Amino acid sequence: RSAARRTGLLAVTAVAGVLGAVALAGMVWQASPRAAQPLGNALVLGEVLAALTPLALVAALDERGRRRAVAVGAAALAAAAMLATLSLSSLAGGLVGSALALPRGRRRWLLLPVLAGLVLLGPRLVRLAAGDDLSLRARAVYWQAGARGVALRPWRGWGPGATAWTLAPLLRPVPGVNPPGEVVGDLHGLVAQVPYELGIPGAAIALAVIVAFVRARRAEPLVDAAASSVRRGGLAGLGGGLASLAAGPTLGATAPWVALAVAAGAALAAGEGAGVAARATTAAGSNPAPTASVVRGAAGAAGWLYAAVALLLLVPLDAAQLCYDAARRAPAHRAAALMRLAAELDPDFPLYRARLGWLAGTATARALELQRAAGAAPGVPALQLAAGWASQVAGRPGAVGLLEGACSGDPLSGPAPFLLASGDPAAPAAPRLAARALLADPTLLAAVAWEEHPRLLGAALPQVAGWRGVDAGLRESVLDFGSVLMVSGPVALLRITMDEQLATALSLHAFRRLPWPATLVTVLVRRRRAEAIDPQLLPAASVLPSTAAGAFPHRCDGAPSGGR
C-alpha cells in the first residue's frame, strides 16, 4: 500500500541518516582523517551510503511537512558522511545513484557535493594524475593478478570465494607499495573479481541477471502513480551501489550487499501489486482473489523450502565454525578435540587443518596436518611456509616444494628463502637464496644457522653486494653486520607469527574467522646481535625504492626471472 511504502522508504532514509551521523561523530571523536564508523572501514561505509543515499533523496523530494524535514536531514547526513569517507569509488557511485534518482530538472543540485568532493579530494586527484597514489598502485597489482587468473582459467574461474586462497602465486608485489606478508583476500573490484571467481561465462550471466532485473522493473506496471519515484530510487540505489563496488572491496564484506538488497526491495515494492496480483487476476477471470492467494502461497512455500534446504546444507559448516570459536578460548587439550570435530564437519576448510597441526603433540603429526592445510590452500603463502618448516623439522618429504611455494606467493619476505638455503647449504642456488633472505629481513643475520654454515654466509655476502634494485644503505648495512660472525652470547627465538595484529590477521582476511595467534616459524638467533641490527631496516620493503620491482624475482630458485 502507498502509505506503508512511504513509511518503509522513510525508515530506510532514517537508517542512512543515522549511519551518516555516527560516521561523522566517530570521525571527530577518533580524530580520524576519514569517516569509517560504525562499519569500521571507510570504503565499505561509502559503498553502503552510495546504495542508500538515492533512496533518501527520493524520500526528501516526495515527503511533506515534518516527514520531509526528517528525510532532508537524513539525506544531508548520509551525503556528508559519504564525502567524509574520501573514497573515490564510493563518491563516484553516490554521484551515479543520485543522478539517476533526481529528476532531470534537479540534477544541478549535485554541483554542490561535486565541488565539495573536488576540494576534499584535490590532493589525491593530483597524486592520481601524477601516477603516485599508493592505493591505486596497490589495486593495479591486484587487478593485474586477477587478469592473469582469468587468462589461466577463463571458462570455469577459480571458484566462488577462492580469491584469498588462490591469488598469491599470481601477484607481482611491488616493493614500497605492497608490504611483505600481505594477505590479499579481495581484488577490490567486481569487474575483476567476478570473472576471476566465476569465469567469463559466469560474469556474463551475473551481468545478464542485473540487466534482466532492471528491464523487468521498468516494464512492470506500478501500483499507483506515486510508486514511480520509489522504483526510480530503488534502481538508482542499485546503480550507485554497484558503481561503488567496481573499484572497492567487494565480496569480503556483507554490509554493501545488504544495502543493495534493500535498494532492490524498493524497486520491487513499487510494482508488486500490479505485477503479481494483476497477472493472477487476468488468469483467474471472474475469481481473482483466490488465485492471487494461491500464487502468493505457492511463492511462499517455495521460499520456505529453499530456506530449509539451505539451512540443512549450512548446519555442518556453521557447527564447525562454532567449534573453532570455542577452541580459541579453550585449554590446549580441549581445543584439539574441538578442532578435530570442526575438521570432520568441514573437511575441506584449510584453516581447521592448520589449527589441528599447531595443536598437535608431535612434530610428525604437526607436519602432516599442515601439509594437508597447505595442499587445500596452495595460494596462501603463510600456510605453505608453516607446512614447509614443519616438514623440514620432522624430516618429511615435500618441504622444499612447500617453501618454494611460500617464496613465490610472498616474494618480499625472508623466512622461506632462508629455510631453503640453510636446509641445503651445498645447493648451487643456496648463496643467492641466502642473500635474498638477508636483504628481505636483515634480522636473519643474527641466526645461529650461520655459525653452522659459515661458508654459506661467506658466499651470500658477495651476492648481496651485487644485488641490483636494492637501496644502497640497506645493502651496506647487511654487508657491515654480515662481515663479523658472532659465535657466543645468549640466544633467543625469533618468531614469525600470524594473527598478532588485527589489520594483517590471516584468519580474518583470508578465511573470515576470528584471529587466533600462531607461530609459523621459529629461528634461533643471538640476542645481542639481533638487538644491534637497526630497526629501521624492518620491514625491508619500507626502504626499497618504489622502482625496484626487480629486486626480488617471483620465483624462489635464487636467480632473477625474466624482466623481474
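Where does Leu-86 lie? Leu-86 sits in the loop between helix H3 (65–84) and helix H4 (88–101). This and the other local details below come from a predicted model.

## Overall make-up

The protein has 25 helices and two strands. Of its 564 residues, 46% count as buried. Among contacts with a separation of 6 or more, 70% are between residues 24 or more positions apart.

The accessible surface comes to about 26,200 Å². Carbon and sulfur atoms hold 65% of that surface.

## Backbone exceptions

Most residues other than glycine have a negative phi, and most peptide bonds are trans. Leu-86 is partly exposed, with 23% relative accessibility.

Asp-499 also has a positive phi, about 70°, although it is not a glycine. Asp-499 lies in the loop between strand S1 (491–498) and H24. At 5% relative accessibility, Asp-499 counts as buried.

The peptide bond that joins Gln-37 and Pro-38 is cis, with omega about 5°. Pro-38 is placed in the loop between H1 and helix H2 (42–62).

Helix H1 (residues 2–29) contains Thr-13. Is Thr-13 buried or exposed? Thr-13 is buried, and its relative accessible area is 1%. That value falls under 20%, so the residue counts as buried.

Leaving aside residues up to four places away in sequence, Thr-13 touches Leu-55, Ala-56, Ala-59, Ala-71 and Ala-74.

## Aromatic pairs

A pair of aromatic rings is described by the distance of the centres and the angle of the planes. How many aromatic pairs does the count come to? The count comes to eight aromatic pairs. One of them joins Trp-158 and Tyr-196, which are stacked. Their centres are 5.8 Å apart, with 15° between the planes. Trp-158 lies in the loop between helix H7 (134–152) and helix H8 (163–166), and Tyr-196 lies in helix H9 (residues 190–219), so the pair ties together parts 38 residues apart in sequence.

Phe-349 is buried at 10% relative accessible area. Phe-511 is buried too, at 2%.

Which residues do ring pairs link into a cluster? The cluster holds Trp-165, Tyr-324, Phe-349, Tyr-352, Phe-511 and Trp-516.

## Charges over rings

Two arginines are placed over aromatic rings. The charged end of Arg-432 sits over the ring of Trp-467, 3.6 Å from its centre. Arg-217 lies over the face of Phe-213, at 4.9 Å from the ring centre.

## Helix H22: two sides

Helix H22 (residues 454–465) has 12 residues. At 1.5 Å a residue, H22 should span 16 Å. Its end C-alpha atoms are 17 Å apart, which agrees.

An α-helix has 3.6 residues a turn, so residues three or four places apart point the same way. Which residues of H22 are buried? They are Leu-456, Leu-457, Ala-460, Leu-461 and Val-464.

What do the buried residues of H22 pack against? They pack against helix H19 (415–423), helix H20 (430–440), helix H21 (449–452) and helix H23 (472–482).

Key:
Residues are numbered from 1 along each chain as its sequence is written. This is a predicted model: local features need pLDDT of at least 70, side-chain atom pairs count only at pLDDT 80 or more; totals for chains, interfaces and linings use all residues. Side-chain values use heavy atoms; hydrogens and water are left out. Rings of Phe, Tyr and Trp (its six-membered ring) pair if their centres lie within 6.5 Å; planes under 30 degrees apart count as stacked, over 60 as edge-to-face and the rest as tilted. Helices (H or I, at least four residues) and strands (E, at least two) are DSSP runs, numbered from the N terminus. Buried means under 20% relative accessible area, exposed over 50%, partly exposed in between (1.4 Å probe, protein chains only). A charge sits over a ring if NZ of Lys or CZ of Arg is within 6 Å of the ring centre and within 35 degrees of the ring normal. The expected span of a helix is 1.5 Å times one less than its number of residues. Contact means heavy atoms within 4.5 Å. Accessible areas come from the Shrake-Rupley method with a 1.4 Å probe; for residues, only the protein chains shown count as cover.
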